[in-house]
Amino acid sequence: MNNYEKYRQVRKEAAGTALLLLILIGAWIAAGFGLAGIPVELFHLPLWVWTATIGIWLFAIIGVKILTATVFVDMSLDDSEEEARHDK
């Protein structure tokens with residue numbers, strides 16, 4: 001992978017991470033404010049507390065798992081393949 005391809009991959013990973021962040025912010029707002037009027041309680045806490053805390057953490061973990069499986073690539077950060085082979 002040359003430097004340009006690495007640069008494109010890093011930009012792709014950054015864009016995927018930013019998209020996941022925006023999705024998480026939207027889900028957090030929806031879970032917190034959208035469920036505020038529902039009178040369901042669990043352990044004397046409203047449903048929105050559970051969904052806006054534990055639910056978002058689980059959603060984030062699933063999102064990161066999807067990102068690492070589909071977008072992220074394990075690549076060498078060396079300048080060239082020849083230098084990487086020479087160092088071994």
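Modeller: Happy to; here is how the labels follow from their cut-offs.

Modeller: This is a predicted model, where local features need pLDDT of at least 70, side-chain atom pairs count only at pLDDT 80 or more, and totals for chains, interfaces and linings use all residues. Residues are numbered from 1 along each chain as its sequence is written, and side-chain values use heavy atoms, with hydrogens and water left out.

Colleague: Why is Gln9 called buried?

Modeller: Buried means under 20% relative accessible area, with exposed over 50% and partly exposed in between (1.4 Å probe, protein chains only). Gln9 has 9% relative accessibility, so Gln9 counts as buried. Gln9 sits in helix H1, residues 3–34; helices are DSSP runs of H or I with at least four residues, strands are runs of E with at least two, and both are numbered from the N terminus.

Colleague: What is Gln9 in contact with, leaving aside its neighbours within four places in sequence?

Modeller: Contact means heavy atoms within 4.5 Å, and Gln9 has Val71, Phe72, Val73 and Met75 as such partners. The side chain of Gln9 also reaches the backbone oxygen of Val71 at 2.8 Å.

Colleague: Which residues of H2 are buried?

Modeller: They are Ala52, Ile56, Ala60, Gly63 and Leu67, and H1 is among what covers them. An α-helix has 3.6 residues a turn, so residues three or four places apart point the same way.

Colleague: Where does H2 bend?

Modeller: At Gly55, by about 35°; the bend is the angle between axes fitted to the seven residues ending there and the seven starting there.

How values were computed. Polar contact = N/O pair within 3.5 Å; in protein donor to acceptor, adjacent residues only side chain to side chain.
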